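Reader: I am new to this structure and would be grateful for a guided discussion of it. May we proceed by question and answer?

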Amino acid sequence: MDRILIRGGNRLSGRIAISGAKNAALTLMPCALLTDEPLTLRNLPRLADVDGFGHLLNQLGASTSIEGTRPEDFGRVMTIRTGRLTSTEAPYDIVRKMRASILVLGPLVGRGGEATVSLPGGCAIGNRPIDLHLKAMEALGAEIELTAGYVKAVAPGGRLPGGRVSFPVVSVGATENALMAAVLAKGPSVIENAAREPEIVDLCNCLVAMGASISGIGTETIEIEGRDRLHGATYRVMPDRIEAGSYACAAAITGGALDLVGANAADMRATIAALVEAGVTVEERKDALHVSAANGLQPLTLSTAPFPGFATDMQAQFMAMLTRADGASVLTETIFENRYMHVPELARMGADITVKGRSAVVRGVDRLVGAQVMATDLRASMSLIIAGLAAEGETQVSRVYHLDRGYERLEEKLQAVGADIERASDG
Ligand SMILES: CC(=O)N[C@H]1[C@@H](OP(=O)(O)OP(=O)(O)OC[C@H]2O[C@@H](n3ccc(=O)[nH]c3=O)[C@H](O)[C@@H]2O)O[C@H](CO)[C@@H](O)[C@@H]1O
Ligand SMILES: C=C(OP(=O)(O)O)C(=O)O
């Protein structure tokens with residue numbers, strides 16, 4: 001199994017190209033199931049989850065072809081063709097490894113009137129239920145049956161009528177599934193209390209490029225006129241705001257300066273506001289977001305929230321950064337009940353963090369010390385990398401496969417800006 005080795009202490013300096021967003025890519029790929037014409041996605045990140053989703057689409061009868069497979073190619077181009085679906089089942093073996101697999105539910109029911117998807121179960125960051133996805137399918141007219149760990153959704157008569165979906169809490173995944181099901185419904189649909197994340201906007205824009213009729217994009221009320229069919233399209237995946245934010249934290253903790261090339265500041269307002277409050281300088285430049293930290297870090301009080309609030313996917317990286325702040329920070333996680341798996345690992349590196357319920361108090365320390373630590377989930381892993389970059393001595397991060405789900409060529413990107421980091425393989 002691979003490990004990442006970091007010898008901390010180098011100030012990061014230079015340019016990092018921001019990849020296409022994992023969380024957008026994984027909701028754009030299932031759009032290919034909505035049409036019998038090819039969907040070409042540009043700027044797809046080279047990630048284990050993207051490969052995994054391609055595999056799932058292949059199981060359903062789609063063919064996937066990739067351009068840009070040379071190591072130096074950032075941003076691959078994938079064309080997905082789903083002339084005919086050969087299966088409507090997302091099996092347990094794939095869904096358990098990749099929660100985003102649930103996102104085939106909406107498009108399969110929308111296109112073919114039927115889907116069978118394994119229930120995803122819990123994961124390292126907590127219980128991640130799908131009841132809202134199922135309620136949304138029902139509101140659009142599907143009949144739902146749960147058997148033997150699978151959910152089966154069927155549109156009576158083969159096509160969803162459409163309907164009003166009103167979410168009691170904001171759910172990114174359920175909003176995505178509802179959108180992908182509603183675009184091919186017989187009648188109009190409304191999604192109330194919809195998620196407003198930039199990845200939802202990216203999904204809507206791609207669906208519109210495929211011929212869907214959607215209004216209220218980026219607001220909490222989305223209206224959809226169902227279409228008889230959608231056509232193919234070519235669409236560019238948005239830049240990864242979480243990757244960009246992660247490298248911003250890495251620059252800040254090392255007192256360095258980075259140009260995050262291609263990052264879109266408009267998608268990152270809450271992250272930028274938090275960085276600025278912590279004393280980091282952030283400038284929007286022509287092709288990049290420039291981040292620099294020269295005068296130490298100030299403590300913060302932060303609470304995660306749906307967009308436009310502070311993203312849960314940035315909590316672990318900020319926590320790592322704030323371990324070196326000049327005072328005590330308070331972070332509150334409101335989205336997931338167990339997203340503090342990185343705390344004991346950061347403590348092994350000398351961090352002073354106390355968790356009480358959903359909040360964590362992070363008291364800044366003078367130094368972090370390298371240690372052997374274990375990645376537990378994607379963003380937790382990145383928090384250990386960030387801490388390792390500032391720690392004295394060597395940090396070894398194991399279970400790197402978590403990082404490979406969401407950070408394209410992490411060690412290459414960090415090496416290029418001065419980090420002493422490498423991947424070691426135990427064979
Ligand atoms: C609102 C929010 O910040 N969503 C995050 C969530 O999206 P993801 O789509 O995974 O999760 P949701 O947005 O659906 O979850 C939001 C909240 O709703 C609850 N819930 C969700 C679905 C459901 O059927 N029933 C239910 O109760 C969840 O437990 C959670 O407390 O994790 C992703 C990966 O970390 C992040 O990129 C998203 O930003
Ligand atoms: C937890 C994450 O992703 P996933 O929902 O794919 O597990 C994430 O992007 O931080």
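Reader: Which residues surround ligand 2?

Author: This is a predicted model, in which local features need pLDDT of at least 70 and side-chain atom pairs count only at pLDDT 80 or more, while totals for chains, interfaces and linings use all residues. Residues are numbered from 1 along each chain as its sequence is written, and chains are lettered from A and ligands numbered from 1 in the order in which they are written. A residue is near a molecule if its C-beta atom, placed from the backbone, lies within 6 Å of it. The residues around ligand 2 are Asn 23, Arg 99, Ala 100, Asp 313, Leu 378, Arg 379 and Gly 406.

Reader: How many residues surround ligand 1, and which are the closest?

Author: The shell around ligand 1 draws at least three residues from each of domain 1 and domain 2. In total 20 residues surround ligand 1, and the closest are Leu 132, Ser 171, Val 172, Gly 173 and Pro 306.

Reader: Which helices each supply at least two residues of the shell around ligand 1?

Author: Helices are DSSP runs of H or I with at least four residues, and strands are runs of E with at least two, numbered from the N terminus. By this numbering, the helices in question are α5 (131–139) and α6 (172–182).

Reader: Why is α6 described as largely enclosed?

Author: A residue is buried if 20 or more other C-beta atoms lie within 10 Å of its own, exposed if 12 or fewer, and partly exposed in between, with C-beta atoms placed from the backbone. Val 172 and Gly 173 are among the buried residues of α6. The helix α6 is largely enclosed by the rest of the structure because its buried residues number eleven of the eleven.

Reader: In what order do the four strands of the open sheet run?

Author: Two strands pair if DSSP finds at least two bridges between them. The edge strands, each pairing on one side only, are β4 (63–67) and β14 (233–236). β4 pairs with β5 (residues 76–81) in the antiparallel sense over five bridges. The pairing in the sheet is mixed, and the order is β4-β5-β3-β14.

Reader: What percentage of the residues of the protein chain count as buried?

Author: The protein chain contains 14 helices and 24 strands. Of its 427 residues, the buried share is 51%.

Technical notes
Domains from an automatic or database assignment.
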